[in-house]
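Colleague: I'd like to learn how to read this model with you. Could we begin with its pockets?

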Amino acid sequence: MDDFLSFNSFFEGAKKAAHRAMDEHGRSEYDTFALQGGVAIEKLAKAVLVSMNPVYLLEMRNGSPDMLLYLGGHLELSEDKVRTVGAKDAIKRLRTLGILPPDPQLDLLIELRNGTAHTSTGDRARSLLPALVESSWTLLKKIDIEIGVFWERWSSAAIIAVDQQRSEIERDVEIRIRQAWHRFDDRFAGLPDNARERALAQPSSGPYPFDISAFRAPVGSHYYILATVGCPACGGTAMLQVQPSRDIKLGPQLLMEALHCPLCLLSLESPAELSAGQVQNPWSTGISPQTMTVTGFQIPVYESGD
């Protein structure tokens with residue numbers, strides 16, 4: 001049988017697609033994540049099937065008798081005439097064999113990949129990373145391959161994705177932090193060793209993609225504050241959006257609202273995400289950070305009928 005249908009070909013293809021899926025998930029490109037995640041599971045499923053018996057790759061509905069002989073190793077076919085089982089049927093066979101358990105989340109990932117789900121891909125795909133990881137682990141166990149061999153640098157993010165000891169928001173933020181670190185690390189591939197250190201030492205500069213909506217302070221002005229803070233992903237200088245407390249019970253406080261790092265492109269977009277990312281209030285050390293305060297924006301008041 002040809003090399004493109006070998007175990008190694010399917011396994012390496014699955015690994016490459018899984019890494020791309022993790023990277024696209026970190027970029028919030030959830031359509032592409034679903035595509036690459038579905039490809040990863042399909043190829044890994046085929047790697048398991050071919051390791052058991054190449055004939056298990058046979059496409060039944062539109063398959064030809066020649067394919068059966070080809071997969072059995074007794075007939076030569078040109079690559080353009082080779083047709084193998086699709087993702088859904090490959091998974092179905094593994095479930096029939098008791099290798100993969102039923103999983104609606106995995107089924108949705110494959111449907112999104114195939115474009116057959118009646119839903120917006122991005123809306124649903126973001127939450128499907130655990131299904132990708134758990135399914136890959138089950139299949140890897142069948143072929144006796146360690147998690148780290150398959151996921152490599154993404155191993156820690158994969159482990160976090162299925163860590164039930166953390167809340168959903170903690171898992172999501174920690175994965176995004178690790179994805180941002182890899183994104184930052186990739187920027188300096190092939191560059192001199194000190195390029196990373198020089199980038200980290202440079203001060204941040206805008207623009208920052210914050211929603212700078214006006215806020216009515218007690219004195220009647222509208223303002224927000226941007227403060228520098230250490231990035232929880234790359235350690236560089238990130239910008240933090242801060243607003244005065246709106247709760248009179250809390251007293252005069254500055255509440256952290258959002259964070260963006262221009263170096264690794266990590267974005268945390270709510271106080272809950274900042275808390276999960278363990279971002280420290282820049283005023284907690286007693287030394288004020290560099291800040292930029294914008295005040296005095298007035299919202300015009302229009303009379304009815306204007």
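Modeller: The largest pocket has a volume of about 330 Å³. A pocket is found on a 1 Å grid over the protein atoms alone, as an open set of points with protein on both sides within 12 Å along at least five of seven lines. Its volume is the space filled by probe spheres set on the points, which are joined across faces, edges and corners.

Colleague: Which residues lie nearest the centre of the largest pocket?

Modeller: Lining residues have an atom within 4 Å of a point. Here there are 16, with Arg126, Ser127, Pro130, Glu168 and Arg171 nearest the centre. Two or more lining residues come from each of α7 and α10 (168–187); helices are DSSP runs of H or I, at least four residues, numbered from the N terminus.

Colleague: Before I go on, what should I know about the model itself?

Modeller: This is a predicted model, where local features need pLDDT of at least 70 and side-chain atom pairs count only at pLDDT 80 or more, while totals for chains, interfaces and linings use all residues. Residues are numbered from 1 along each chain as its sequence is written, and side-chain values use heavy atoms, leaving out hydrogens and water.

Colleague: What is the average pLDDT of the protein?

Modeller: pLDDT is the predictor's confidence in each residue, from 0 to 100. The protein averages 80, and 71% of the residues score at least 70. Over residues 214–221 the value is below 50, though this stretch has 16 contacts in the model beyond near neighbours in sequence; a contact means heavy atoms within 4.5 Å. Residues 296–306 are also below 50, with 9 such contacts. Where pLDDT is low, the predicted coordinates should not be read in detail.

Colleague: And which residues touch the most other members of the largest nonpolar core?

Modeller: Such a core is a set of buried Ala, Val, Leu, Ile, Met, Phe, Trp, Tyr and Cys residues joined through side-chain atoms within 4.5 Å. Buried means under 20% relative accessible area, exposed over 50%, and partly exposed in between, with a 1.4 Å probe and protein chains only. Leu132 and Trp151 touch the most other members of this 51-residue core, and α2 (30–52) supplies at least two of its residues.

Colleague: Is Arg178 buried, exposed or partly exposed?

Modeller: Arg178, in helix α10, is partly exposed because its relative accessible area is 29%. Leaving out residues up to four places away in sequence, Arg178 touches Trp154, Ser156, Ala157 and Ile160.

Note on methods:
On a 1 Å grid over the protein atoms alone, a cavity is a set of points where a 1.4 Å probe fits but cannot get out, and a pocket is an open set with protein on both sides within 12 Å along at least five of seven lines; lining residues have an atom within 4 Å of a point.
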